[in-house]
Protein chains: 2
Amino acid sequence: MDQLEIFKALSNKSRLQILQWLKDPELNFPEQEVYGFENGVCVGQIQQKAGLTQSTISEYLSTLQRAGLVESTRVGQWTYYKRNEAAFAALTKIIEKEL
Amino acid sequence: MDQLEIFKALSNKSRLQILQWLKDPELNFPEQEVYGFENGVCVGQIQQKAGLTQSTISEYLSTLQRAGLVESTRVGQWTYYKRNEAAFAALTKIIEKEL
DNA sequence: AATATATATCGGTTTTTTCCGATATCCCAA
DNA sequence: TTGGGATATCGGAAAAAACCGATATATATT
């Protein structure tokens with residue numbers, strides 16, 4: 001886990017917001033027909049809610065993924081993103097012990 | 001506590017390093033004559049160790065202070081900085097609950 | 001009052017980040 | 001096999017961050 005990369009990923013308003021939305025998909029996104037929220041939420045829904053362009057959101061999700069904070073699953077034409085809760089748990093430990 | 005401001009303060013290698021050094025001043029800095037490390041470590045010592053200019057370090061310490069991660073005490077011509085451990089504890093809670 | 005030392009602030013250059021539009025890729029359906 | 005929708009990638013303009021040197025301010029000493 002790269003501390004610096006994680007903190008950089010977290011130091012943007014939109015990316016923080018996305019992570020918070022993903023904490024409770026049922027609450028924050030309209031129903032998804034096929035998969036529920038098992039795999040997370042697809043890029044398009046996040047993009048709509050965030051009100052930024054598709055390319056920007058795609059990049060932001062990559063950034064979060066490189067930092068290990070989210071995971072993605074491709075299903076057909078859709079890519080679903082969900083939080084990686086283990087990474088958040090690890091992060092609190094980093095702050096408690098290393099920082 | 002402003003999440004975003006905290007994460008921005010943490011997303012710089014030198015500032016992270018400073019926080020780690022301040023975790024154990026006895027270990028990371030030469031003895032200070034008058035005050036021990038009660039009040040923390042003065043700017044000059046941090047600057048020397050970091051190998052950046054005085055102005056840069058002064059700014060970085062302000063950044064950390066604005067984020068609430070350190071506190072400063074002026075004693076004569078010196079300003080001592082030390083960690084605000086309460087802020088770190090609060091940060092782990094933010095990550096657990098809000099993030 | 002003059003000088004010296006420690007820190008803060010200011011102005012500027014270079015690098016990084018933020019965001020966009022355009023285009024490429026990938027997958028599905030007809 | 002072609003067209004359309006979803007996502008990724010690329011190139012770039014504008015804003016922010018990372019530094020620096022010069023200068024200002026505060027305190028202590030003489």
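Biologist: Where does E96(A) sit?
Modeller: E96(A) is in helix α6 of chain A, which covers residues 85-98. Keep in mind that this is a predicted model.

Biologist: Is E96(A) buried, exposed or partly exposed?
Modeller: E96(A) counts as partly exposed, because its relative accessible area is 47% and the label "exposed" needs over 50%.

Biologist: And what does E96(A) touch?
Modeller: Leaving out residues up to four places away in sequence, E96(A) touches K23(B) and T92(B).

Biologist: OK, over to S11(B). Which part of chain B holds it?
Modeller: S11(B) lies in the loop between α1 (3-10) and α2 (13-23) of chain B.

Biologist: Which residues are in contact with S11(B)?
Modeller: Setting aside neighbours within four places in sequence, S11(B) contacts L4(A), F7(A), K8(A) and S11(A).

Biologist: Buried or exposed, that S11(B)?
Modeller: Buried, because S11(B) has a relative accessible area of 15% and the cut-off for buried is under 20%.

Biologist: Switching to cysteines. How many disulfides are there?
Modeller: Zero, counting over all chains.

Biologist: Then what about C42, is it buried or exposed in chain A?
Modeller: C42(A) is buried at 9% relative accessible area. C42(B) is also in the buried class, with 8% relative accessibility.

Biologist: Which element holds C42(B), and what's around it?
Modeller: C42(B) belongs to strand β1 of chain B. Beyond its neighbours within four places in sequence, C42(B) is in contact with Q32(B), W78(B), T79(B) and Y80(B).

Biologist: How far from C42(B) is K8(B)?
Modeller: 23 Å between the C-alpha atoms of C42(B) and K8(B), which are 34 residues apart along the chain.

Biologist: And N39(B), where's that?
Modeller: N39(B) is in the loop that runs between α3 (25-28) and β1 (41-42) of chain B. N39(B) counts as buried because its relative accessibility is 18% and buried means under 20%.

Biologist: What does N39(B) touch?
Modeller: Not counting residues up to four places away in sequence, N39(B) touches T73(B), V75(B), Y80(B), Y81(B) and K82(B). Y80(B) also turns up among the contacts of C42(B).

Biologist: Let's zoom out to chain A. How many helices and strands?
Modeller: Six helices and three strands in chain A. From the N terminus, the order is α-α-α-β-α-α-β-β-α. The radius of gyration of chain A is 14 Å, close to the 13 Å from the globule rule for 99 residues, so chain A is as compact as a globular protein of that length.

Biologist: What does the C-alpha trace of chain A span?
Modeller: About 45 × 25 × 25 Å along its principal axes.

Biologist: How much of chain A is buried?
Modeller: 46% of its 99 residues. As for contacts in chain A with a separation of 6 or more, 52% are between residues 24 or more positions apart.

Biologist: Surface and charges, quickly? What's the accessible area of chain A?
Modeller: About 5300 Å² for chain A, with 45% belonging to carbon and sulfur atoms. On charges, chain A has 11 positive and 12 negative, and their mean positions are 5 Å apart.

Conventions
Residues numbered from 1 in each chain as written. Chains lettered and ligands numbered in written order. Predicted model: local features only at pLDDT ≥ 70, side-chain atom pairs only at ≥ 80, totals over all residues. Heavy atoms only, no water. Helix = DSSP H or I, 4+ residues; strand = E, 2+ residues; numbered from the N terminus. Rg over C-alpha atoms; globule rule 2.2 N^0.38 Å. Buried < 20%, exposed > 50% of the residue type's maximum accessible area, 1.4 Å probe, protein only. Contact = heavy atoms within 4.5 Å. Areas by Shrake-Rupley, 256 points an atom, 1.4 Å probe, with all protein chains shown as cover. Lys, Arg positive; Asp, Glu negative; His and termini not counted. Charge placed at Lys NZ, Arg CZ, Asp CG, Glu CD. Disulfide = S-S within 2.5 Å.
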